[in-house]
Amino acid sequence: MSTVATSRSSTVVHALTKTSLGQKYLMAVSGLVALLFVIGHMVGNLQIFLGQDQINHYAETLQNLGPLLWVIRGFLILFILIHIWEGIKLKLENVASRPEPYSYRKYRKASLASRTMIWTGLIIASFVGYHLAHFTVQATNPAFKTLVDAQGRHDVYSMMILGFQNVWVSLLYIIAIGLLCYHLSHGVTSMFQSMGLNKPETQPTLDKIGLTLSVILFLGYISIPLSILAGIVNLPKGGM
Amino acid sequence: MNLTLHVWRQKNATDKGRMETYQATDINEHMSFLEMLDVVNEDLIGKGIDPIHFDHDCREGICGMCSLVINGIPHGPERATTVCQLHMRHFKDGDEIYIEPWRAKAFPVIKDLIVDRSAFDRIIQAGGFVSVNTGGTPDANAIPISKSDADEAMDFAQCIGCGACVAACKNASAMLFVGAKIAQLAALPQGKVEAERRVKAMVAQMDKEGFGNCTNYYECEAVCPKEISVKGIAKMNREFFKSMKG
């Protein structure tokens, strides 16, 4: 019995890692996990509009998850690494599949977003590295570590405002979010096709969902730096 | 009309190959694209130049032999049309036309515009069939098949195996071709028996041949002369998932 189970699981692992279709499933599922995080992260960050107390309370709640937080982070990192690894691996295989390029090339249907997934993906991955160093590890701005609110909690509210008051930081962030949403405009609908979860009659709706979600995410995320730069969201009166 | 042709010339599989320019003069707009090449070739033969080699057979748009990338699009500018059914009236006097072979590692060039597409044959040999003893002529409707299933199978059965999907795909992926075959047979009761084995074997052979991976550009669907839908790829993705669970 256990031998049969082992053999079946090794067959599944082989199919997922060694076959073209299995690798597409991995891309789709890992992309979905990353997408769920992107949605959750936006919902969390938008709490800046509810005031200092709300977002600092939210951040403290997350930190208080303790080991569970690291389980979630580990899960997320694993899936994002799978997404990046498979993306690069598939790209290299695809390049090798056409050693001689066309001297004249025209596309009828393939969107620019679909043809640039590897590049938007790699730029987003690099930005995430910077973003983590900026706000999570605070390596680029060690002063962020000392920000504390009136309740003695880490003052995430002020950290976000101080961070985004730098025009270049905000600009870089907006560009990266733009690329992320461009990536998702193809990625979301592509995920359903790769998993075979679409039907011809549902495809137009799925395309609309992908596009709408990308636009909502873009507007939601960029509203934060724009509001800070416009002075709509300000540092707390009477100091941090 | 008079045209300037930029044509891929390659002596054999090991030759490096290059684009060469030829003039096509006094071309009749009612000629097919292949007939235009025939005229150019007569001229080349007259001048003692090796004629341009290209694949063709039925010249009726049903055999899947013709295979030219014209101005960057497999089978040229007309939708749902093979090169042999593409007429010169779709071009203008003075046009420059780029003619290249299907380009893919799995479709090596044999000579000029002719590529070796036997990789497709090997994929079919791996599982694109139904292993039943057909016996005598069966009664019509002995096996009830719904109209929608029959229509779906017929839509996918229209694939002529020309390989334009591979040529058009940025990744040189063969998934529209393989998806069409799998979806066709999976739609019918005769094909369902071997569905699991078939999808595994055909996907394994497709990967082995060195075709790229599908990244859902859907360029294949846009150039397919038989308008095979990418829903065949989605169906293949579902069938493969089922085979993994089994």
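1. Aromatic pairs. Over all chains of this predicted model, the structure holds 14 aromatic pairs, where rings of Phe, Tyr and Trp (its six-membered ring) pair if their centres lie within 6.5 Å, and where planes under 30 degrees apart count as stacked, over 60 as edge-to-face and the rest as tilted. The rings of A:Phe127 and A:Tyr130 have planes at 50 degrees and centres 6.1 Å apart, so this pair is tilted. A:Phe127 and A:Tyr130 are three residues apart in helix H6 (residues 117–136) of chain A, and are therefore separated by about one helical turn. With a relative accessible area of 12%, A:Phe127 is buried, whereas A:Tyr130, at 26%, counts as partly exposed; buried means under 20%, exposed over 50% and partly exposed in between, with a 1.4 Å probe and protein chains only.

2. A pair in chain B. B:Phe107 and B:Phe120 form an edge-to-face aromatic pair, with 5.2 Å from centre to centre and 75 degrees between the planes. B:Phe107 lies in the loop between E5 and strand E6 (109–111) of chain B, and B:Phe120 in helix H2 (residues 118–127) of chain B, so the pair ties together parts that are 13 residues apart in sequence. B:Phe107 counts as buried at 1% relative accessibility, and B:Phe120 counts as buried at 4%.

3. An aromatic cluster. A:Phe127 and A:Tyr130 belong to one aromatic cluster, which they form with A:Phe135, A:Phe144, A:Phe164 and A:Tyr173.

4. Chain A as a whole. The secondary structure of chain A comes to nine helices and zero strands, these being DSSP runs (H or I, at least four residues, for helices; E, at least two, for strands) numbered from the N terminus. Buried residues make up 40% of the 240 residues in chain A, and its C-alpha atoms fill a box of roughly 65 × 55 × 35 Å, taken along the principal axes.

5. Strand pairing in chain B. Strand E1 (residues 3–9) of chain B runs parallel to strand E5 (residues 96–100) of chain B and is joined to it by four bridges, with B:Thr4 opposite B:Glu96. Strand E3 (residues 69–70) of chain B runs antiparallel to E5(B), with two bridges between them, and here B:Ile70 stands opposite B:Ile99; strands pair if DSSP finds at least two bridges between them.

6. Basis of the values. Local features need pLDDT of at least 70 and side-chain atom pairs count only at pLDDT 80 or more, while totals for chains, interfaces and linings use all residues. Side-chain values use heavy atoms, without hydrogens and water, residues are numbered from 1 along each chain as its sequence is written, and chains are lettered from A and ligands numbered from 1 in the order in which they are written.
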